[in-house]
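Let's go through a few of the labels used for this model and ask where each one comes from. Have the structure open as you read.

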Amino acid sequence: MIVSAVRTPIGTARKGTLTETPGEELATHILREAVRRSGLSAERFEDVVLAESMYGGGALARYAAVAVGMTQVPGVAVNRHCAGSLTSVAMAAGSIRSGMDRAVVAGGVQSSSLSPKVQWRIPGGESTEIRSAPTFPYTNDANDDTALTVGWNVAQKYGISRERMDIWAVRSHRRAVAATQTGVFTDELAPIKVTRRDGSVVEFSADEHPRPTTSLEKVAALPPLRPDIPGFSITAGNASGANDGAAALAMTSDDLARNEGLTPLGTVRAWAAAGVQPRVTGVGAIDAAVKALDRADLTPAEIDLWEINEAFASVPVAVCDVLGLDEERVNVHGSGCSLGHPIAATGARMLTTLVHELRRRGGGIGLATMCAGGGQGGAVVVEVG
């Protein structure tokens with residue numbers, strides 16, 4: 001049972017409101033809020049599972065547990081890049097379903113603004129270099145340039161034009177702006193007080209990445225990210241931004257929720273992870289969704305709402321084409337292109353938005369899916385009502 005689902009507002013990395021807020025603070029805040037909103041006392045939780053991506057080691061989950069006084073609760077760091085917090089939720093659900101744990105908080109934290117740069121010694125000497133660890137063995141056609149492996153190669157594979165991607169991105173902004181202006185996100189947001197670079201303290205209470213003035217004309221005028229590749233169709237306009245944020249879900253066993261009189265938001269019904277060729281990493285969102293649907297014994301038509309991460313707009317367009325989805329049921333309040341993509345937190349953000357929206361609609365089944373670095377994908381199916 002999901003007994004709470006909460007997220008911080010999403011900040012724009014290195015320019016926005018969360019630029020001076022470390023991952024430790026985000027993790028502590030989101031854990032405290034997930035527990036508070038669950039209706040269950042803190043001492044009843046048995047584990048904290050938080051995804052973190054490119055944060056340099058440590059374990060934000062354990063840090064947060066100690067910081068909020070839950071010293072009896074261990075914490076584990078998960079890294080499946082973009083799909084990290086979907087994996088966190090799956091791990092927690094699996095532990096509860098197996099009977100090993102009865103109450104776990106799972107989610108993810110991303111401070112892109114304060115991610116460390118890692119120094120490595122070069123084998124054979126004492127000289128060093130600053131770089132990221134590779135997620136997969138690089139080849140001539142695949143490296144960490146996700147604009148290529150997630151955006152362009154997927155668009156090429158499925159014949160997706162730039163115009164379709166631009167249209168999708170602009171619609172994403174319009175949906176996110178509308179949701180923000182009408183208070184749709186109120187129930188899922190946990191405003192956070194932060195200190196800005198100038199020393200001022202502000203309450204950050206609304207997503208700041210969606211752009212109300214975005215238009216198809218403006219997006220269509222943006223230059224390609226790889227002008228060296230003829231016809232390259234991926235731009236800053238049809239891709240996600242770099243973002244900061246955190247999200248978490250508190251989950252319990254059915255009997256614990258029932259015995260404690262908790263009000264469940266929904267149920268984690270199934271989950272899956274997938275591996276694909278790194279050169280077409282975006283396909284991971286398709287394969288993971290298909291795998292999760294099979295495990296839940298569902299068809300795409302039986303899913304009421306979809307969250308498909310917009311790391312690049314080519315991915316949700318491809319998923320819709322391949323699975324025959326109605327775009328009106330996909331990312332109904334925006335996604336990565338508009339809300340932003342705080343990497344390790346995005347999966348939990350998607351699930352949080354899903355369960356709250358399904359409750360507003362009187363229930364149903366939702367599926368969150370996304371690709372992940374290195375040729376991976378993750379998906380989680382939830383049911384409400």
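**What the labels rest on**

In this predicted model, the cover over the buried residues of α5 includes α4 (146–158), α6 (216–220) and α9 (314–323).

Q: Which residues of α5 are the buried ones?
A: They are Met165, Asp166, Trp168, Ala169, Val170, Ser172, His173, Arg175, Ala176, Val177 and Ala179.

Q: What makes the span of helix α5 close to the expected one?
A: Helix α5 (residues 162–181) has 20 residues, and its first and last C-alpha atoms are 29 Å apart. At 1.5 Å a residue, 28 Å is expected, so the two values are close. After the helix comes Gly183, with a positive phi near 75°.

Q: Why is Ala92 called buried?
A: Ala92 has 1% relative accessibility, and buried means under 20%, so Ala92 counts as buried. Ala92 sits in helix α3 (residues 84–98). Leaving out residues up to four places away in sequence, Ala92 touches Val104, Ala106 and Met251.

Q: Which residues meet where α3 and α10 are in contact?
A: From α3 come Ser85, Leu86 and Val89, and from α10 come Ala344, Ala345, Thr346, Gly347, Ala348 and Leu351. By class, this contact has 6 nonpolar, 3 polar and no charged residues.

Notes. Residues numbered from 1 in each chain as written. Predicted model: local features only at pLDDT ≥ 70, side-chain atom pairs only at ≥ 80, totals over all residues. Heavy atoms only, no water. Helix = DSSP H or I, 4+ residues; strand = E, 2+ residues; numbered from the N terminus. Buried < 20%, exposed > 50% of the residue type's maximum accessible area, 1.4 Å probe, protein only. Contact = heavy atoms within 4.5 Å. Nonpolar A, V, L, I, M, F, W, Y, C, P; charged D, E, K, R; others polar.
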